[in-house]
Amino acid sequence: MSDFDSSQWTDSEFSQEYRTYANDYLPDRFKLIEIVKSFFKHFIHTVDAPRVLDLGCGDGLVMHQLLKNDDRIRATLVDGFSEMLESAKKRLADFDTVQFVQATFQDLLEDDRLPSNFDFIVSSFAIHHLEMKEKQALYQYIYHHLSTDGFFLNLDVVLAPYQDLEQWYLSLWREWINANVDSSKKPELLPIPQQYKDNPDNFPDTLSAQLEALQAIGFKNVDCFYKYGIFTIFGGKR
Ligand SMILES: C[S@@+](CC[C@H](N)C(=O)[O-])C[C@H]1O[C@@H](n2cnc3c(N)ncnc32)[C@H](O)[C@@H]1O
């Protein structure tokens, strides 16, 4: 079982380092967010005052990008770590229709405290911190918290299904860092790809296992909407 309280995500320094360096080492982070925005615009924009939930929101970057395009959004941001939520609050200070909930995914599963009528649920680089059984439970939770025709998108790293592919995917990632990052930062950032499995807080599962889990729960229109090495966006509709 994953344990948020003993994970690095409750360490101020680690959490701050993520906020400082994520743009440098997550390949094409803003391109991925553009895809989420495009998806939202295409499928959800016609909903009046859409309710949007971000699970594991970090410093609120994804919700901020959505709100800048559509300020009718009624946003709920959930994260287990108070300092992440404080950063998100600062980032979203100009928006009124935003709620912040400090809770781990495990807390939500044990003691639900969210409404069940979201039009769009998004999560970015957070669900791979759960083991497969917990992912399945969270996907079920997400399904039950979507309105009819509401969509879930997970932007996340996945486990490569074969070792030779994994080696290629990780070298793609290192090549991206090499090409996009200042030389001074490379010694610190180049070891990060290896952490996707080696870090004990990470439990990536294959894309196919997660698509099957969504289908088994009842999600419709399940698909992978983007993939580059281990970086994916996938999801489905209630
Ligand atoms: C890699 S960061 C991603 C943050 C943000 N979504 C983004 O894309 O920048 C992972 C986030 O998930 C949160 N997190 C990790 N495990 C969690 C859990 N079990 N319950 C709630 N939040 C969790 C961490 O506190 C952190 O903010």
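## A first look at this predicted model

S184 sits in the loop between α7 (163–180) and α8 (186–189). Helices (H or I, at least four residues) and strands (E, at least two) are DSSP runs, numbered from the N terminus. S184 counts as exposed because it has 7 C-beta neighbours inside 10 Å. A residue is called buried if 20 or more other C-beta atoms lie within 10 Å of its own, exposed if 12 or fewer, and partly exposed in between, with C-beta atoms placed from the backbone. Between the C-alpha atoms of S184 and V52, which are 132 residues apart along the chain, the separation is 39 Å.

A word on reading the model: residues are numbered from 1 along each chain as its sequence is written. The model is predicted, and local features need pLDDT of at least 70, side-chain atom pairs count only at pLDDT 80 or more, while totals for chains, interfaces and linings use all residues.

**The whole protein**

The secondary structure comes to ten helices and seven strands. The radius of gyration of the protein is 17 Å, close to the 18 Å that the globule rule gives for 238 residues, so the protein is as compact as a globular protein of that length. This radius is taken over C-alpha atoms, and the globule rule is 2.2 Å times the number of residues to the power 0.38. The C-alpha trace spans about 45 × 40 × 35 Å along its principal axes. Of the 238 residues, 36% count as buried. Among contacts with a separation of 6 or more, 68% come from residues 24 or more positions apart; a contact means C-beta atoms, placed from the backbone, within 7 Å.

What share of β1 is buried? Five of its five residues are. R51, L53 and L55 point one way from β1, and V52 and D54 the other way. In a regular strand the side chains alternate between the two faces of the sheet. Five bridges join β1 to strand β2 (residues 74–79), and the two run parallel; strands pair if DSSP finds at least two bridges between them. The bridge partner of D54 in β2 is L77.

V52 also belongs to the largest nonpolar core, where V36, V52, M63 and I121 touch the most other members out of 53 residues. The largest share of this core, six residues, comes from strand β5 (residues 146–157). Such a core is a set of buried Ala, Val, Leu, Ile, Met, Phe, Trp, Tyr and Cys residues joined through C-beta atoms within 7 Å. Leaving aside residues up to four places away in sequence, M63 touches V52, D54, C57, A75, L77 and L92.

**Around the ligand**

The ligand is surrounded by 20 residues, the closest being G56, G58, G80, S124 and A126. At least two residues of this shell come from each of α1 (12–25), α3 (61–69) and α5 (105–110). By class, the shell has twelve nonpolar, seven polar and one charged residues.

Technical notes. Two residues are in contact if their C-beta atoms, placed from the backbone, lie within 7 Å. A residue is near a molecule or strand if its C-beta atom, placed from the backbone, lies within 6 Å of it. Ala, Val, Leu, Ile, Met, Phe, Trp, Tyr, Cys and Pro count as nonpolar, Asp, Glu, Lys and Arg as charged, and the others, Gly among them, as polar.
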